[in-house]
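I opened this model with a notebook beside me and a few plain things to look up. Here is what I wrote down, entry by entry.

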Amino acid sequence: MSDSSLFTDLDVDRDGKQFGYIQAPRSTNTAGWANLFIPLIVIRRGDGPTALLFGGNHGDEYEGPVTLLNLARYIQPEQVHGRIILVPALNLPAVQANTRLSPLDGRNMNRAFPGSPSDTITGQIAHFVSSVLIPLADVVVDIHSGGRSMLFLPSVNMHRVRDPRQMSEMMRLALAWGAPYVFIYRDVAGGGLLPGYAESLGKPTLGTEMGSASQYGPATLKLTYNGLCNVLAEAGILKLPAGRYVPAEPSQIVASELRDDYIMSPASGIFEPLVELGDGVAAGQPIGCIHFIEQPSWEPLIIRAKTEGFIISRRAIPLTQQGDCVAVVARRIA
Ligand SMILES: [Zn+2]
């Protein structure tokens, strides 16, 4: 039993399709007694495995919300074996504000797990997810993209977990997606991630980095929607009448597991990239430079790769603060 003060009007054990909300208490200057209404959809048919799907963990990444809203309307209970639970806008206030962080408490939802009932609103939502929803799940998918600040080659991603059986199950589901890359990453900007928490409970868990710079077109959304359907089919939860989506190329399995694969800017200024996504780089190779607008006579500061591989991600916003991640180097491992 959860001690959360959040609740849902949906019965997660009822067959059929239900649209409802997770309600979270809040109080504002213009509404003393108010609730946040975070959309929740449950599609269930009989006993079977449960998939738990998230979008909008970061508010400026809209591939997840669009894909999950489409999926929630299109999937019919007759196609389902077990249960699909969809949360298309987990950090609802951030999705509505087009911000990565919640405008209510300035928090990053993907650093707030597992959260607690006495936390700020972001941590309270995380706590409802970790104490009520994640225990129901056999598969967890958390859809991310580059948001405003990053460009990414499209990937399905995961940490390298200790349990080899869990790792091979996650890899099987990730390859079913059909994304260009399956990407193994490490945390370089803090813990408390939703996927990390679900992984730590032994749940097969997938994250993604689908699109870039808060921009998407039909190709990115098709990859997100079709890949997610493939994963649900691979998990035995969704019957696809039209069959699986088959990508032109099989996924490459790549990894950025060294701290030095994540290149942080040593100074603040205007970032000029010298490499593009997908370019191969050698250790020591310049990948970008920082210009100093206050000192026009200064040579720009060269930023170099510390590891060899290829550029899987780079910064999308030119104006850069010291410590911002400007590029990520990955290597093919299979
Ligand atoms: Zn994200």
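**Ground rules.** I call a residue buried if 20 or more other C-beta atoms lie within 10 Å of its own, exposed if 12 or fewer, and partly exposed in between, with C-beta atoms placed from the backbone. This is a predicted model, in which I read local features only at pLDDT of at least 70 and side-chain atom pairs only at pLDDT 80 or more, while totals for chains, interfaces and linings use all residues. Residue numbers start from 1 along each chain as its sequence is written. Helices (H or I, at least four residues) and strands (E, at least two) are DSSP runs, numbered from the N terminus.

**Helix α1.** I began with the buried residues of α1, which are Glu 63, Gly 64, Pro 65, Thr 67, Leu 68 and Leu 71. For packing I needed contacts: two residues are in contact if their C-beta atoms, placed from the backbone, lie within 7 Å. The buried residues of α1 pack against β4, β5, α2 (92–97) and α6. With 12 residues, α1 reaches 16 Å from its first C-alpha to its last, close to the expected 16 Å.

**Helix α6.** How many residues does helix α6 have? I found 17 in α6 (residues 218–234), and its reach of 24 Å is close to the 24 Å expected. Its buried residues are Leu 223, Thr 224, Asn 226, Gly 227, Leu 228, Cys 229, Asn 230, Val 231 and Leu 232. These pack against β4 (50–54), α1 (63–74), β5 (82–87), β6 (139–142), α4 (164–177) and β10 (205–209). Just after α6, I noted that Gly 236 takes a positive phi of about 80°.

**The whole chain.** Stepping back, I counted 6 helices and 19 strands in the protein chain. The radius of gyration (taken over C-alpha atoms) is 20 Å, and the globule rule is 2.2 Å times the number of residues to the power 0.38. That rule gives 20 Å for 334 residues, so the chain is as compact as a globular protein of that length. Along the principal axes, the C-alpha atoms fill a box of roughly 65 × 50 × 35 Å. Of the 334 residues, 46% count as buried. Among contacts between residues at least 6 apart in sequence, 68% join residues at least 24 apart.

**Two domains.** The chain is divided into domain 1 (7–256) and domain 2 (259–332), with bounds that come from an automatic or database domain assignment. Their C-alpha centres lie 30 Å apart. The contact takes 16 residues from domain 1 and 16 residues from domain 2. On the domain 1 side, the elements giving two or more residues are β7 (150–152), β9 (181–185) and β11 (252–256). The largest share of that side, 4 residues, comes from β11.

**The core.** I define a nonpolar core as a set of buried Ala, Val, Leu, Ile, Met, Phe, Trp, Tyr and Cys residues joined through C-beta atoms within 7 Å. The largest one has 89 residues, and those with the most contacts inside it are Leu 53, Ile 84, Ile 125 and Val 141. Helix α3 (residues 121–133) gives the most to this core, with 6 residues. Why does this core lie between domain 1 and domain 2? Both domains give residues to it, so it lies between them. Leaving aside neighbours within four places in sequence, Ile 125 is in contact with Leu 6, Ala 24, Ile 38, Leu 90 and Met 109.

Two strands pair if DSSP finds at least two bridges between them. Four strands form an open antiparallel sheet in the order β16-β15-β13-β18. β16 and β18 (319–320) stand at the edges with a single partner strand each, so one side of each is left without a neighbour in the sheet. β13 (residues 269–273) and β15 (residues 286–291) pair over 4 bridges, and Phe 271 has Ile 290 as its bridge partner. Another 4 bridges join β15 to β16 (residues 301–304), where Ile 290 stands opposite Leu 301. β13 and β18 pair over 2 bridges, with Gly 269 opposite Thr 320.

**Tyr 21.** My last stop was Tyr 21, in strand β2 (residues 16–26). Tyr 21 has 18 C-beta neighbours inside 10 Å, so it counts as partly exposed.

Technical notes: Expected span 1.5 Å × (residues − 1).
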